[in-house]
Amino acid sequence: MGCGKESCDPFSSAIHTGRSISASAAASREHPECGYPGTMEGITYLTQKDAQALDEELMGPLGFSVDQLMELAGLSVASAAATEYPASTHPRVLVVAGPGNNGGDGLVAARHLHHFGYQVAICYPKPTSKPLYDGLVTQCKSLGMPFVSAEELAAAPLASKFDVVLDAMFGFSFRGAPRPPFDAIIQMLKPDAHPPPVVAVDIPSGWSVEAGDESGGGLRPDMLVSLTAPKLCAKQFAGSHHYLGGRFVPPQIKEKFALNQPPYPGVSQCVRIGGSGRSPAAGPANVADMRLSYGAGGQSLDESDMAEAGPMQEFDAWFKLAASCGMQEPNAMSLATATADGRPSVRYVLLKGYDERGFVWYTNYDSAKGKHLEENSVAGLAFWWEPLQRQVRIEGVVEKVPDEESDAYFYSRPRGHQIGALVSMQSMPLRRGRAELEERAARLERQYADESVPVPRPPHWGGFLLRPLSVEFWQGRPSRLHDRLRYVRPSVDSCEWRLERLAPWGSSAGLRWVAEDTAVL
């Protein structure tokens, strides 16, 4: 197998060299300002009139049909609910559907939640007799989802039978007071009835679209999933999780209604825009029961497939596949270091290059990790790519990259990030709080306001290169019998890699894994 030297590694001519990521790509992979915000400042809230006009625009000039919008809305709701209330901890879901479009969204969400692995029951007291709704009911029944009556729900507290309730009774077109049996169901969902977490679809049922909970004694959902754009009543939402679903909204709609919306991360159909945090109503997470069955797609690692490639060739193929899966930062990796006396520390950093030598990242040399590496050059890296059920674990020896390489990457970064490297004395206590950091940033921004004058790379900022001694490729497989193939070599100068298969973690290999697999992480 190939080694880390260009002369004996045929991959070195094809793999990225030096900084592996181009200047433009490197800039785009810096920590984004968007992503997964806890609260969206300045977001647009719609009146009832605007919400109706927006829907008319979508279903008129822009060519959307009701069933298309319903499908997109239901998928968004199901995705958001599954994000905060996973099937591993909240498997039993009740969907309460009303007679209108909001109820249709709920029926679509029920179908998706079933396919996500939930046990879904549906209460649909006043079904709408139209082909669209009849089709949704048929789809849900064909999946074996039970339909329960309002009277059956009243027989016992909801929390005794369900882990989450999806409120899809009334949308933004609803007016007046809820009539039976919805009035009684709403009572079951109020806080004094101690329901399981309630997820409201677009509008908490019984609320005014604009004025919110006018009575002051209405629903208090734990989660609100606004559709297309939040309605005015959402300003009153004080629950744990506020999500937005509506990635399908075309630019014409955003311009016409002056919508200010956050970007959607990766390939997600929903984005978090607010909320207070985790809901006490959800109770403690049952961590012991959180488990997935890996390898359902039949993926496996075979020695014969990997024997011809060296570790860097294999990593390149895995990394490119991970980058194509819509992950926001496939280059995020945990970096484990240790002091001279063996005290470990771990944190996430971003991979910024890989080539025949090894793996490169950039940081402040005076940081805790920088000081650790100065004392003890042995370190470990780990990548986790959940969509692929894959991880890569790397151990080796770390050294600084040449100054010209650090310069090249530094000047590929946005100017604000260059100044940021001067601002932060990484890991040092800020005795005057954040104000100290912001004052220093403002001072340096004034100092380098003239963009024709380059920002000097600080001598304490640059790149590290980890030269690997072992690179392990891990693929999830059924029944925890995962595939683990590891390349090892005796020294960073050796051209000879040996490929070996390891027993999976937690297998019948007993306690051997404790010694083998806790060296770094």
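What follows is a short chat about the cavity and the fold of this predicted model.

Residue numbers run from 1 along each chain as its sequence is written. Because the model is predicted, local features need pLDDT of at least 70 and side-chain atom pairs count only at pLDDT 80 or more, while totals for chains, interfaces and linings use all residues.

Me: What makes the space lined by A81, Y85 and V164, among others, a cavity?
Reply: On a 1 Å grid over the protein atoms alone, a cavity is a set of points where a 1.4 Å probe fits but cannot get out. The structure holds 1 such cavity of 30 Å³ or more, and about 50 Å³ of space lies in the largest cavity.

Me: How do you know that L113 and Y118 belong to the lining?
Reply: Lining residues have an atom within 4 Å of a grid point, and L113 and Y118 are on that list, along with V93, V165 and L166, to name some.

Me: Which element gives the most to the lining?
Reply: β3, with 3 residues. Both α3 (66–84) and β3 (164–168) supply at least two; strands are DSSP runs of E, at least two residues, and helices are runs of H or I, at least four.

Me: Why is the lining called nonpolar?
Reply: Ala, Val, Leu, Ile, Met, Phe, Trp, Tyr, Cys and Pro count as nonpolar, and the lining has 9 nonpolar residues, no polar and no charged ones.

Me: How many of the 521 residues are buried, as a percentage?
Reply: 49%, with buried meaning under 20% relative accessible area (1.4 Å probe, protein chains only).

Key: Side-chain values use heavy atoms; hydrogens and water are left out. Buried means under 20% relative accessible area, exposed over 50%, partly exposed in between (1.4 Å probe, protein chains only). On a 1 Å grid over the protein atoms alone, a cavity is a set of points where a 1.4 Å probe fits but cannot get out, and a pocket is an open set with protein on both sides within 12 Å along at least five of seven lines; lining residues have an atom within 4 Å of a point. Grid points are joined across faces, edges and corners, and a volume is the space filled by probe spheres set on the points.
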